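Please look through the structure shown here with the following report at hand. The report takes a few parts of it in turn.

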Amino acid sequence: MFDWAFINSLGPHQQFLFFSTLKVVGVIAMVMPMIAYSVVAERRISAWIQNRVGPNRVGPLGLLQPLADGLKFILKEDFTPAYVRKVYFWVAPAITMIPAFLAFAVIPFGSNLGNQRMVIADLNVGILYSFGIVSLGVYGIVLAGYASRSKYPFLGGIRSSAQMISYEIAMGMSVIPLFLIVGDLNLSKVIEYQANNAWLVFYAPLSFAIFLVSAFAETNRLPFDMPESETELVAGYHTEYSSMKFALFFLGEYANMIAASAMMVTLFFGGWTLPFFGLDKPATTIPMGLLHIVIFITKMLGFMVLFIWVRWMLPRFRYDQLMDLGWRRFVPIALLNILITAFGLYFKS
Amino acid sequence: MIVKRRKLTFWERLYIPAILGGFKVTIKHFFQKKVTMQYPEEKWTVPQGYRGAPYLVKDPEGRTKCVSCQLCEFVCPPKAIRITPPGPAGDPNAGNVEKSPKEFDINMLRCIFCGYCQEVCPEEAIFLMKDYSLVGTNRKEMIYDKEKLLSLGGTHDDQIWKWKNK
């Protein structure tokens, strides 16, 4: 049996290092299976919406499908076309994948377990950090398009960059009212505020609407999957990729979705809190702490289902319509939203 | 023809009615009965007159009906059938019953399931049955010989017992 007593013999810095490592490993261990099962959920839900059954052969109810998928990706030939720019071609999948995971660092996924806060890095500028990191993800896609040196990936990369810029701005502006209301950029504080008052989606529904739509664009999900758009660009930016390198893009997309869901839950839906049964106070016992994590994950899965559902519901936007929506609708609306919130707060105080 | 494009109202331009409509449609289909057939367990009922794999049949007395006339071999467009006739000797135990083939091979990889063999057969000895999934692990296995064809074909329920009193 592992001896936990040695933790007390560590200095505060060593303890911090130890618990942070533990949390990082824990989060990744949670997120990886979630990604795997989101893929299954995606396939199953799409099937049900299309009056089909979906993958149900591997294991009971098809629940071992991720294993089969993973095995397939590993065993496939990893083909690198002769004409690609090798270095970028290799780097691009990693650049897509890593920011998606880094974004989890600031998200409070629970209250506490014991006396450990359930957030990897409780940054004072949490939201700025996550915006900064998430927008790095576009580099992977653009780089993949550039490195592939063929027309369809290139078009995908170009689309991706243009789309990212137009939605990033609206997205960033849409959360400003939240921080006007809360008065802090720390995500833990945002949750605390929501626990004491009400979920921010009720204070700033317009912010939520813009954030939600931008999140779809940010994660390249339909109706905004311009970089990929199978019907137009073969497979968009990852046309030339195969095997594990393709799988990394795939994982990155789903990790992004989970990160975006986690972000929305944290910002608008009270994070790990529930407004009844006293579940909005930081946990004092271990089971309560675990329950908070479960609540957070449940809320997150709700958004995941929404992401998946919408994909099988709406057709892809035309490229110019998408840009139009981003620049000429959302940016002004978001600006107006900031103004309204600011005036509202000014007159209230 | 000029199609009049109706100007969208403000409400419609918000995309919201379309999105709500989409949710309605998809959730309806989500709970509908699924149309998928779980193939190896469930199979579709093969319709009458379906042209599956050609097999040889026996008559109700258990004799091979094929008389080795080789018409099917001749008519077969992809040359999938190969018949080795018994030669001048024939089978001494068969009495007045006509000769039967020494070997009768159908290469199921060549067969195009056209049904010409069944149509041309004067003895009603070969029929396109209802088998549609023929599998084998190598090419040789997909060449069905006489014994295999006869066992797969089974007995044909004849109206006229041609050899009964011969």
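## Helix 9 of chain A

This is a predicted model, and the description begins with helix 9 of chain A, which is made up of residues 205-218.

Helix 9 of chain A is mostly covered, since ten of its 14 residues are buried. Among them are Phe208(A), Ile210(A), Phe211(A), Val213(A) and Phe216(A), and the buried residues also include Ser207(A), Ser214(A) and Glu218(A). The elements of chain A that cover the buried residues of helix 9 include helix 5 (126-148), helix 6 (151-182) and helix 8 (200-203), together with helix 11 (243-268), helix 12 (286-311) and helix 13 (319-348). Just after helix 9 of chain A comes Asn220(A), which takes a positive phi of about 55°.

## Where chains A and B touch

How many residues of chain A are in contact with chain B? Ten residues of chain A are in contact with ten residues of chain B. On the side of chain A that touches chain B, seven residues are nonpolar, two are polar and one is charged.

## Helix 5 of chain B

In helix 5 of chain B, which comprises residues 146-153, the buried residues are Leu149(B), Leu150(B) and Gly153(B). These residues lie on the same side of helix 5 of chain B, because they cover an arc of only 95° around the axis. On the other side of helix 5 of chain B, Glu147(B) and Ser151(B) are exposed.

Helix 5 of chain B lies across strand 3 and strand 5 of chain B, and runs at about 75° to strand 3 of chain B. After helix 5 of chain B comes Gly154(B), whose phi is positive and near 75°.

## The sheet of chain B

Three strands of chain B form an open sheet in the order 2-3-5, and their pairing is antiparallel. Strand 2 (81-84) and strand 5 of chain B are the edge strands, each of which pairs on one side only.

Strand 2 and strand 3 of chain B run antiparallel and are joined by four bridges. Within strand 3 of chain B, Ile106(B) is the residue that stands opposite Ile81(B).

Definitions and conventions
Residues numbered from 1 in each chain as written. Chains lettered and ligands numbered in written order. Predicted model: local features only at pLDDT ≥ 70, side-chain atom pairs only at ≥ 80, totals over all residues. Helix = DSSP H or I, 4+ residues; strand = E, 2+ residues; numbered from the N terminus. Expected span 1.5 Å × (residues − 1). Buried ≥ 20, exposed ≤ 12 C-beta atoms within 10 Å, placed from the backbone. Contact = placed C-beta atoms within 7 Å. Nonpolar A, V, L, I, M, F, W, Y, C, P; charged D, E, K, R; others polar. Arc of directions from axis to C-beta. Pairing = 2+ DSSP bridges. Axes fitted to C-alpha atoms, helices over the stretch in contact; angles between N-to-C directions.
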